[in-house]
Amino acid sequence: MRRALNSLAVHSHVSPTYVPMLDSNPDTETIPDIKTISDALDAVVTFRDRRDWSQYHTPRHLSSALSIEIGELQEVLLWKTDEEIGEMLEEPEGQEPVVDEIGDILILALLFCQETGIDPLDAIERKLAKNAGKYPVDKARGRSEKYSSL
């Protein structure tokens, strides 16, 4: 499946690993299927670089943008019960704003990793290993307390 996005600019640096296919409309680019973290990172960085946005993507700005996007996800769910959220997520039109915000969050997280040289899969693996030590199954199963209270 190919996804098309309207572009703000069509002339700038293009990553050698991902070359967007431009339709006959110069304001449209086709985004490739994304199957791996590497594919996602390539697509996100290329999208950013074609628009010359890397100048704005410092760790400080990206961390602020992440916080804002997480707030926007919270806003979508604000004042709804868990039951209402479950019902909302059962319908495609209810999922759409959540999918949009999750997309923004993941894009910004990948850009932060790219900017800081952090391997996202390594970061996940390392954090899971730390959490396994803090929250052993025999003590943490079914409990929500912080590790220091287990």
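Author: Before we start, a contact here means heavy atoms within 4.5 Å. Keep in mind too that this is a predicted model.

Reader: Let me zoom out for a second. In what order do the elements of the protein chain run from the N terminus?

Author: The protein chain has six helices and three strands. Reading from the N terminus on, the order is β-β-β-α-α-α-α-α-α.

Reader: And how much of the protein chain counts as buried?

Author: For contacts between residues at least 6 apart in sequence, 57% join residues at least 24 apart. As for burial, the chain has 150 residues, and the share of them that counts as buried is 25%.

Reader: Back to helix 1 and helix 4. Are they roughly parallel or roughly perpendicular to each other?

Author: The axes of helix 1 (residues 37–50) and helix 4 (residues 92–116) come within 10 Å, crossing at roughly 85°. Angles of 65 to 115 degrees fall in one class, so the two helices are roughly perpendicular.

Reader: What kinds of residues make up the contact of helix 1 with helix 4?

Author: From helix 1 come Ile-37, Ala-40, Leu-41, Val-44, Val-45 and Arg-48, and they meet Ile-107, Leu-110, Leu-111, Gln-114 and Glu-115 of helix 4. Sorted by type, the residues of this contact are eight nonpolar, one polar and two charged.

Reader: Is Ile-107 buried or partly exposed?

Author: Ile-107 belongs to helix 4. Buried would need under 20% relative accessible area, and Ile-107 is at 39%, so it counts as partly exposed.

Reader: What about Asp-42: how far is it from Leu-110, C-alpha to C-alpha?

Author: Asp-42 is in helix 1, and at 25% relative accessibility it counts as partly exposed. Along the sequence, Asp-42 and Leu-110 are 68 residues apart. In space, their C-alpha to C-alpha distance is 9.7 Å.

Reader: Which helices do the buried residues of helix 4 pack against?

Author: The buried residues of helix 4 are Gly-94, Val-98, Glu-101, Ile-105, Leu-108, Leu-110, Leu-111 and Cys-113. They pack against helix 1, helix 2, helix 3 (82–89) and helix 5.

Reader: How far apart are the end C-alpha atoms of helix 4?

Author: Helix 4 has 25 residues, so at 1.5 Å a residue it should span 36 Å. The model agrees with that, with the end C-alpha atoms 35 Å apart.

Reader: Which residue just after helix 4 takes a positive phi?

Author: Look just past the end of helix 4, where phi is about 75°. The residue is Gly-117.

Reader: Moving on, which residue caps the N-terminal end of helix 5?

Author: Helix 5 (residues 120–134) has 15 residues and should span 21 Å, and its end C-alpha atoms are 21 Å apart, so that agrees. At its N-terminal end, a side-chain oxygen lies 2.8 Å from the backbone nitrogen of Leu-121. That oxygen belongs to the capping residue, Asp-119.

Reader: Last one: is Glu-75 buried or exposed?

Author: Glu-75 lies in helix 2 (residues 59–77), and its C-alpha is separated from that of Val-98 by 9.9 Å. The cut-off for exposed is over 50%; at 57% relative accessibility, Glu-75 therefore counts as exposed.

Methods
Residues numbered from 1 in each chain as written. Predicted model: local features only at pLDDT ≥ 70, side-chain atom pairs only at ≥ 80, totals over all residues. Heavy atoms only, no water. Axes fitted to C-alpha atoms, helices over the stretch in contact; angles between N-to-C directions. Helix = DSSP H or I, 4+ residues; strand = E, 2+ residues; numbered from the N terminus. Parallel < 35°, antiparallel > 145°, perpendicular 65-115°, else oblique. Nonpolar A, V, L, I, M, F, W, Y, C, P; charged D, E, K, R; others polar. Expected span 1.5 Å × (residues − 1). Polar contact = N/O pair within 3.5 Å; in protein donor to acceptor, adjacent residues only side chain to side chain. Buried < 20%, exposed > 50% of the residue type's maximum accessible area, 1.4 Å probe, protein only.
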